[in-house]
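Colleague: I am new to this structure. Please take me through one part of it closely, the surroundings of the ligand.

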Amino acid sequence: MSLRFYNTLTRQVEEFKPLEGNTVRMYTCGPTVYDYAHIGNYRTFVFQDVLRRHLKYRGFQLRHVVNLTDVDDNTIRNSRSAGVPLRAYTDKYVEAFQIDRQLLNLEDPEFLVRATDHIEEMVKLIQALMDRGYAYASEGSVYFKVGAFPHYGQLTQIDLTGVRAGARVDTDKYDKADARDFVLWKAAKEGEPFWETPFGPGRPGWHIECSAMSMKYLGETFDIHSGGSDLIFPHHENEIAQSEAATGKPFVKLWLHGEHLIVNGEKMSKSLGNFYTLRDLIAKGYKPSAIRYLLASVPYRKPLNFTFDGLHQAQQSIDRLRNFRFRLTKENFPPGDSPALKARAQEAREKFEAALDDNLNTAEALGAIFDMVRDGNTAMDRREFRDGDRGAFLDTLERWDRIFAVLDDNDHAKLVKFGLLKEGTSSVKLGLDARELKSAGVAEEGIGNGYTQVLQVGTLSDEEIEKLIAERAAARRKGDYARSDEIRASLLQAGVILEDTKAGTRWKRK
Ligand code: AMP
Ligand code: ZN
């Protein structure tokens, strides 16, 4: 086996090997915590989670850093208009991000770190750049001198010679010596939070955050750096410049960039207003596991067009996989085994693994599993499936799910656990305000308490459903079909569908 990835830096597919030993040192740019992240952001985070899980699957150890940008123009602007101190304001969205991550089964990185906890490291890095002649102060701010770093533009591969030194860009609020120069430290402005430093009071620029935090936890040169493709320029280009100018060493070996989630041909983004948060979709009755599946289903270097139809299909695909697993564990098969079927499961395993090794081709990995599920179901229907064949199929499914992480039906339990669903009622507590509820299309103006009627998510806990199903089975054994039908009808009303199979009663939420 060999793992291969497309490297933005070299524009080539390269074989992957960690720089040192068996540990992969990886940095992925996290969210700016000024609002709820949207599912475009989560497309990138799900891609990075699949990457992380596949690296682990292939036996590597991980040292993975995710940052939280908790100081920038947006966080400052919003905290001020909310009249809340910056830290308290961003805390709310850090917590929301943590809940969303768990709903989407994003594994915990080894380090989840906040920019404002690393001001000292940023100041030291800026100081080192000034000492080495790569940075200069101007009117209380500090800038990176792009002209002093000859490798500038290596990631983007854009020709910057046309940008005239000394040219002023209208939107520039700061006094730069060269239009290409970018800010490392911003002078304090009236009413904004600031930190005292040797070059005056102020706050960090966005790019320096990621250089300082990545090098603190991963060293001056590390294996992988990743983000959405909108971060290539200027964010990652600037990170390379700052880091390499300060250390004189290569910063990152492999740069991985995910393509966007798009809506009607446009990038999903806050500024265009064409976005859904995870909670918006939950409020519309969609399951986090279906959202994860949808976001993971298209290979990360291809744009993914978001539609509700696609989301609906994702849910159906998961149901097919879960039903197959249910048959594998519950149905009775004749004794013995069939080598051809076991080989079929093994072949599917090798195919999905090879697909992921090949620059994380998730679509092919899914295809391999669905082919196996189709053949397995056919063999079961034709009574060719044997008791001893279960293991090979379950093994392939379980391995596949170590990476895709969608097979366990625990959405409902998690929504209850995180307080997003009020147990025993049909209300979902989303923590959204009236404006957000309205934009999610689930509430009329005037509902401000964060509760809304969302029947699709269901009103019963898993335990309550199991109890009713047991009661129905008992009624049927006694021949009390009236009671049995009554239970089925009331479950249906609560959004739970029953299916009686030879292996027992199977249920799912609508
Ligand atoms: P931000 O919170 O804006 O700093 O973005 C966090 C991550 O989400 C970055 O890696 C972005 O590149 C990524 N991102 C933003 N919009 C989209 C989108 N529509 N599709 C995929 N990734 C996105
Ligand atoms: Zn970053």
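Which helix and which strand each supply at least two residues of the shell around ligand 1?

Modeller: Keep in mind that this is a predicted model. The two elements are α1, residues 39-57, and β10, residues 222-228. Each gives the shell at least two residues. The largest share comes from α1, with four residues.

Now the shell as a whole. Ligand 1 has 17 residues around it. Those that come nearest are Gly40, Thr44, Asp230, Leu261 and Met268. By class, the shell holds nine polar, five nonpolar and three charged residues.

Next, some polar contacts. Gly40 uses a backbone N or O atom, which lies 3.0 Å from a nitrogen atom of ligand 1. Asn41 uses its side chain instead: a polar atom there is 3.0 Å from an oxygen atom of the ligand. On its own, the ligand has 500 Å² of accessible area, and the protein covers 89% of that.

Last, the setting. The protein chain has 510 residues, and 55% of them are buried. The chain contains 16 helices and 18 strands. Take its contacts with a separation of 6 or more: 75% of them join residues 24 or more positions apart. The chain exposes about 22500 Å², with carbon and sulfur atoms supplying 49% of this area.

Key. Residues are numbered from 1 along each chain as its sequence is written. Chains are lettered from A and ligands numbered from 1 in the order in which they are written. This is a predicted model: local features need pLDDT of at least 70, side-chain atom pairs count only at pLDDT 80 or more; totals for chains, interfaces and linings use all residues. Side-chain values use heavy atoms; hydrogens and water are left out. Buried means under 20% relative accessible area, exposed over 50%, partly exposed in between (1.4 Å probe, protein chains only). Contact means heavy atoms within 4.5 Å. Accessible areas come from the Shrake-Rupley method with a 1.4 Å probe; for residues, only the protein chains shown count as cover. A residue is near a molecule or strand if one of its heavy atoms lies within 4 Å of it. A polar contact is a pair of N or O atoms within 3.5 Å; within protein, one must be able to donate a hydrogen and the other to accept it, and residues adjacent in sequence count only if both atoms are side-chain atoms. Ala, Val, Leu, Ile, Met, Phe, Trp, Tyr, Cys and Pro count as nonpolar, Asp, Glu, Lys and Arg as charged, and the others, Gly among them, as polar.
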